[in-house]
Amino acid sequence: MNESIPMTPMRRKDREITDPAAIGEILDRCDACRVALNGPDGYPYLVPLCFGWEEEGGKYRLYFHCASQGTKLGLLRADGRCAFELDAGHRLIWDEDPCRVGMDYESVCGLGRLEEVTEPAEKARGLQKILYQYTGEENASLPETALDNVTVLRLEVLS
């Protein structure tokens, strides 16, 4: 799917990061990805998820795992459009004046399309990306039952 969604430009261009290597370094430091799906009542449904990621030719994919039923699966089956956010490196910026206290952090935000992964080889790759994010172990051995007992989701980043 080559869908592209225009994002509202960042107001602070001096803080925008577009270099894929820098984005990858931020993603490597994150420990959860928040995904917002469209709820039937008009309110977004936001959920934090364990994730893994890959980049190929400037295109990013995020992988998640979940149970084989539940709210997020119902919502993504109805409408796979989503927003996502990851952040890391939080540092309080203190000032004697409480109105000048702030937070320094790095984040990656965007829009995408969330889908279930059904092809076994991609499911295994997605699970390996998730394991790598948290263990640093590449090409972890997965028992066959791991693929049968879990749902793997893929978020294609569109912008």
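Me: What span should the 16 residues of H3 have, and how far apart are its end C-alpha atoms?
Reply: At 1.5 Å a residue, the 16 residues of H3 should span 22 Å, and its end C-alpha atoms are 22 Å apart, which agrees. The expected span is 1.5 Å times one less than the number of residues, and helices (H or I, at least four residues) and strands (E, at least two) are DSSP runs numbered from the N terminus. This is a predicted model, where local features need pLDDT of at least 70 and side-chain atom pairs pLDDT 80 or more, while totals for chains, interfaces and linings use all residues. Residues are numbered from 1 along each chain as its sequence is written, and side-chain values use heavy atoms, without hydrogens and water.

Me: Which residues of H3 are buried?
Reply: Glu122, Lys123, Ala124, Gly126, Leu127, Ile130 and Gln133 are buried, that is, under 20% relative accessible area with a 1.4 Å probe, counting protein chains only. They pack against H1, S3, S4, S6, helix H4 (144–148) and strand S7 (151–157), with contact meaning heavy atoms within 4.5 Å.

Me: And what follows H3?
Reply: Glycine 136 does, and its phi is positive, near 75°.

Me: Switching topic, which residues touch the most other members of the largest nonpolar core?
Reply: Among its 26 residues, those are Val35, Leu62, Phe64, Leu86 and Leu114. Such a core is a set of buried Ala, Val, Leu, Ile, Met, Phe, Trp, Tyr and Cys residues joined through side-chain atoms within 4.5 Å. Apart from it lies another core, of 8 residues, including Ala124, Leu127, Ile130 and Leu147.

Me: What does leucine 86 touch?
Reply: Not counting residues up to four places away in sequence, its contacts include Leu27, Cys30, Phe51, Leu62 and Val108.

Methods: Buried means under 20% relative accessible area, exposed over 50%, partly exposed in between (1.4 Å probe, protein chains only).
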